[in-house]
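Please read the sequence and the model below together. The paragraphs that follow go from a group of strands to a helix.

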Amino acid sequence: MAKYAVNPEAVDNARKLIDARQYVLDSDWGEVQPRADDQNSYLDKHSWAEYGAWHLGLTDGAGEETKARFAFVLGDFRRIDRTALIACVYRASEWRHKAVELAAHDLLQHLDEKTGLTP
């Protein structure tokens with residue numbers, strides 16, 4: 001099973017987007033998550049660093065400028081998606097990637113606080 005480290009650039013990017021109100025609160029993540037074509041289109045116009053800033057996990061041992069390097073996407077390359085954060089928490093928890101799980105949980109709590117979903 002792959003091992004992942006938390007991507008600090010993604011955490012920073014997500015917090016900035018949440019603070020700037022660049023988020024989606026309700027979606028069907030299975031329908032709106034970026035597909036391979038969406039990822040390729042994004043990479044045609046952006047750097048690997050910008051692409052990586054949308055992924056909470058960094059795959060241990062994967063090449064730096066490869067899609068395999070990045071896991072746990074946080075949004076649609078424009079906005080953070082609340083259901084993406086929930087999916088990250090769930091998937092990381094399911095596969096016992098505790099650091100990624102906790103980072104996604106913290107971002108979800110930050111989003112919920114900013115949007116008034118938590119007291």
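**Strands and a helix**

Strand β1 (residues 4-6) pairs with β3 in the antiparallel sense, over three bridges. Strands here are DSSP runs of E of at least two residues, helices are runs of H or I of at least four, and both are numbered from the N terminus; two strands pair if DSSP finds at least two bridges between them. This is a predicted model, in which local features need pLDDT of at least 70 and side-chain atom pairs count only at pLDDT 80 or more, while totals for chains, interfaces and linings use all residues. Residues are numbered from 1 along each chain as its sequence is written, and side-chain values use heavy atoms, with hydrogens and water left out.

Opposite glycine 57 in β3 stands valine 6. Strand β3 is also joined to β4 (residues 70-73) by three bridges, and these two run antiparallel. There, histidine 55 has valine 73 of β4 as its bridge partner. Five of the five residues of β3 (55-59) are buried, that is, under 20% relative accessible area with a 1.4 Å probe, protein chains only.

Helix α5 covers residues 82-94 and includes arginine 82. The buried residues of α5 include Arg82, Leu85 and Val89, and what covers its buried residues includes β4 and α6 (98-114). The side chain of arginine 82 makes a polar contact of 2.8 Å with the side chain of aspartate 112; such a contact is a pair of N or O atoms within 3.5 Å, where within protein one must be able to donate a hydrogen and the other to accept it, and residues adjacent in sequence count only if both atoms are side-chain atoms. Just after α5, arginine 96 takes a positive phi of about 65°.

Note on methods:
Buried < 20%, exposed > 50% of the residue type's maximum accessible area, 1.4 Å probe, protein only. Contact = heavy atoms within 4.5 Å.
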